[in-house]
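Hi,

Here is the structure I said I'd pass on. Have a look first, and my notes follow below.

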Amino acid sequence: MEKIMLASDYQEGTHPAVMQRLCDTNLLSTKGYGTDAFSESAREKIRKACECPDAAVHFLVGGTQTNATVIDAVLRSFEGVIAADSGHISVHEAGAIEAGGHKVLTLHHHYGKIDAGQIRDYYENWLHDENRDHMVRPGMVYLSQPTEYGTLYSLRELTGISKVCREYRIPLYVDGARLAYALACRENDVTLADLARLCDVFYIGGTKCGALMGEAVVIPDPQLIPHFFTIIKQHGALLAKGRLLGIQFDTLFSDDLYYHIGASALRAADRLREAFQKHGYTLSFASPTNQIFLTVDDAQKAHLDAIAASSFWEKTADGRTIIRFAASWATSEEQVAAVEEKL
């Protein structure tokens, strides 16, 4: 029995339209470092989608690289970044932020999310601590949309967090590694324009959303990080053949492809959720985007392992296991049907 690959949403190569564009332009000679016409076209399309004509848009290769570069660019040497204790920078980036000299200041999450009240309380506690000069200053806030639990910040929640951040003058940064799957979700009410209005920096994920690789960093006010190009270079994150990233985002933001990619993954995820529940499996919690979490005992896990590849998430207090399946833009109807049949 051939195992169906659903362990993550970056296991496939790239969307055929992106691959075709890369092939069609392969023998062209262009300027380097993202100064080519393809990259500039992609920037203009992203600015238009974000309704932010003056935004700076920069292309980096991967998520951890992007997070480490942005956070180091925003923070001063004595500052740290507030994040959920389940956040990607807190758990799955091998201490990349700390290796760059900045502490991750974690708050307890609620299904992947933190709220405005927690951020306010943390900052106020630091502000009124008589020993604060001996402590790491909270210098920015990190969120992800969707979260590591596949949940979504609502427009109301994001607006509240943005208000607190601006009150205390600490930048708000949103990791959009899976942003296509948030934008296409029927429960989502946050648009790219909302992100540009409420955040100080965010990125539009490509690696997990149809690109071969690449993330697009959007800085609505370029003066927040006026020398970000040079900082990218300092971090070894500036791709010489930058047009490879620009071409991909230029394609993803043509004919609403980025949104279609998200929608197809969500259709597959919804069918998979229904199939798992129909056959007696328990959803660990509600996650409306492309990630599906199941709480299983050893026998159930063994049965599912024989059908489809999943990823380990965590152990529960009663000894069971939470596993994750992730649909992607490439998850086909045939693969979903095969899972249903094998269940």
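Tyr203 sits across from Val217 of strand 8. That strand (residues 215-219) and strand 7 (residues 201-205) run antiparallel, with four bridges between them; strands count as paired if DSSP finds at least two bridges, and strands (E, at least two residues) and helices (H or I, at least four) are DSSP runs numbered from the N terminus. Bear in mind that this is a predicted model, where local features need pLDDT of at least 70 and side-chain atom pairs pLDDT 80 or more, while totals for chains, interfaces and linings use all residues. Numbering starts from 1 along each chain as its sequence is written, and side-chain values use heavy atoms, without hydrogens and water.

The sheet is open, with seven strands in the order 2-8-7-6-5-3-4 and mixed pairing. Strand 2 (56-60) and strand 4 (104-107) are at the edges with a single partner strand each, so one side of each has no neighbour in the sheet.

On to the cores, meaning sets of buried Ala, Val, Leu, Ile, Met, Phe, Trp, Tyr and Cys residues joined through side-chain atoms within 4.5 Å. Buried is under 20% relative accessible area, exposed over 50% and partly exposed in between (1.4 Å probe, protein chains only). The largest nonpolar core has 60 residues, and Ile46, Phe202 and Ile204 have the most contacts inside it. Another core lies apart from it, with 27 residues including Ala68 and Ile219.

Lastly, Asp255 is in the loop between helix 11 (243-252) and helix 12 (257-278). Asp255 is exposed, at 73% relative accessible area.

Cheers
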